Amino acid sequence: MTAAERFPDGVHAVPPVAAHQFGLDFAAVRRELNLPRDYPTGALAEVEQTVAQPLPTGVRHDAIDLPLVTVDPPGAKDLDQAVLLRRRGSGYRVHYAIADVAAFIPPGGDLDKEARRRGQTLYLPDGNIPLHPTRLCEDAASLLPDQVRAAVLWTIDLDSDGSPERVDVRRALVRSVARLDYEGVHRSLAQGCAHPSIELLPEVGRLRREQALRRGAIELGLPEQQVESDGEGGWRLALRPRLVVEEWNAEISLLTGMCAAEIMLEAGVGVLRTVPEPDVATVDVLRRSANQLGVHWPVGVPPAEALAELDPARPEALAVHVAATRLLRGAGYTAFATGAPAKSGHAGIGASYAHVTAPIRRLVDRYCAEICLAVTAGREIPEWVTEALGELPSAMGVSDRSATQVERACIAQTQAWSLASRVGEEFPATVLRVPNGVAGEVFVADPPIIARCTGSGLGEGQQVRVRLVTADPERRDVEFEVA
């Protein structure tokens, strides 16, 4: 079941926080986490120099006539990907253009050094901290509509089942013909008037989703909290339904990342995003817990299949999905240069996988793209890439932890702001987990809060009434107790 089906009423929002109550920005989060500020002057000057130079068209395939389109959240300007889907006999051809950020970054320069320090774009409700200067990420490198842009163009031929048969990757010049957003695409598909470039997205997306289930991809259906502006100077928490078109669109990115991983594994050099397979004991514990909650999970049914059958809107199923996060522990990056690593899989995807589709927003993608380009062309991998391989896992790990801290801090801050005047009120809630028997974590649907709860007799999946006992904006602390 899709997120849109789980939450048919759409976004569940907290009443806006009054602007006069608190300093409504996230400056404290930026200070406490020591987040980067302005880009260094030298790096900005470097961007202007590279942007002013004409692109070397002689080494690029001319793909300007391909009617590619971008599909992103409304208002996005850092557009990494553009897509075109076509039928090919009984199968399909996927054209996927990825912004060629490397064309603008001299190796070893000020811009390169700062990007390596940042690792990835950090997203805060009151403004992003970009991996690259906005002159680059929202302008010169971004695949904006009706602009000729440098790209790494992936062409992937699929058979009738959606499995890749042939992969080609090369530098190209492209021009997006339209900037689409998820909600607009969702409406157009429902009305039967989708843009011709993505008419096949539902067909290909469904096939790839079926492939994911067969691969054993472990996908968790958890409520996704986000902070959004109320348009009046305040902030509110929301559960944003993930439209099925987003899932289909993500499958194109995952397909490309899996193809990139295979190229690098065959060459024996690259960087993979890895998540180890859960051990048998962990799966057995989760299955027994599910059955105790009344969620039928027979012996022999793999986690991917069991989780896909659950409706997270049911309290007991939601608790199982939360508990299933333990199946995806140990995520990291694996760099290799002298042959394929012993462990190369990603349990959440059910295959080997590499990041190559978001170079505007994530550092490692630029390096992985260069490896794939060199390997498929039969030439040497650039020295600036091979020299950095050993450092990339650490750099990406640090930036991943920063991104997680930022997200958690912003949500915690907004939860505390939103509930500051409601201490003593009671709410219906679902118990998500109880690690020690006397305190746990609960999910309150309206407003959408996930927070600590104390009290005896808590059981995972249980429906309870809870009383708000703490909502402290200064400490970003929210706590409930069983009513």
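My entries below go from domains to cores to a pair of helices.

**Domains.** I kept in mind throughout that this is a predicted model. I looked up the domain assignment first: domain 1 covers 26-278 + 328-418, and domain 2 covers 421-482. I then checked how far apart they sit, and their C-alpha centres are separated by 36 Å. At the contact, domain 1 supplies 15 residues and domain 2 supplies 11 residues.

**Cores.** Next I asked which residues touch the most other members of the largest nonpolar core. That core has 83 residues, and the answer is V94, A97, L136, W154, V174, I252 and M264. Helix 8 is the top contributor here, giving 10 residues. I noted a separate core as well, with 33 residues, including L35, V434, A451 and L458.

Setting aside neighbours within four places in sequence, I found V174 in contact with A63, I64, L68, A97, L143, Q147, V148, R149 and A151.

**Helix 6 and helix 8.** Helix 8 made me curious, and I turned to its meeting with helix 6. How do the two axes cross? For helix 6 (residues 182-190) and helix 8 (residues 244-267), the axes come within 9 Å and the crossing angle is roughly 105°. The two helices are therefore roughly perpendicular to each other.

I listed the residues too: Y182, V185, H186 and L189 from helix 6 meet V245, E246, W248 and N249 from helix 8. By type, I logged five nonpolar, two polar and one charged in this contact.

Note on methods
Residues numbered from 1 in each chain as written. Predicted model: local features only at pLDDT ≥ 70, side-chain atom pairs only at ≥ 80, totals over all residues. Heavy atoms only, no water. Axes fitted to C-alpha atoms, helices over the stretch in contact; angles between N-to-C directions. Helix = DSSP H or I, 4+ residues; strand = E, 2+ residues; numbered from the N terminus. Parallel < 35°, antiparallel > 145°, perpendicular 65-115°, else oblique. Contact = heavy atoms within 4.5 Å. Nonpolar A, V, L, I, M, F, W, Y, C, P; charged D, E, K, R; others polar. Core = buried A, V, L, I, M, F, W, Y, C linked by side-chain atoms within 4.5 Å. Buried < 20%, exposed > 50% of the residue type's maximum accessible area, 1.4 Å probe, protein only. Domains from an automatic or database assignment.
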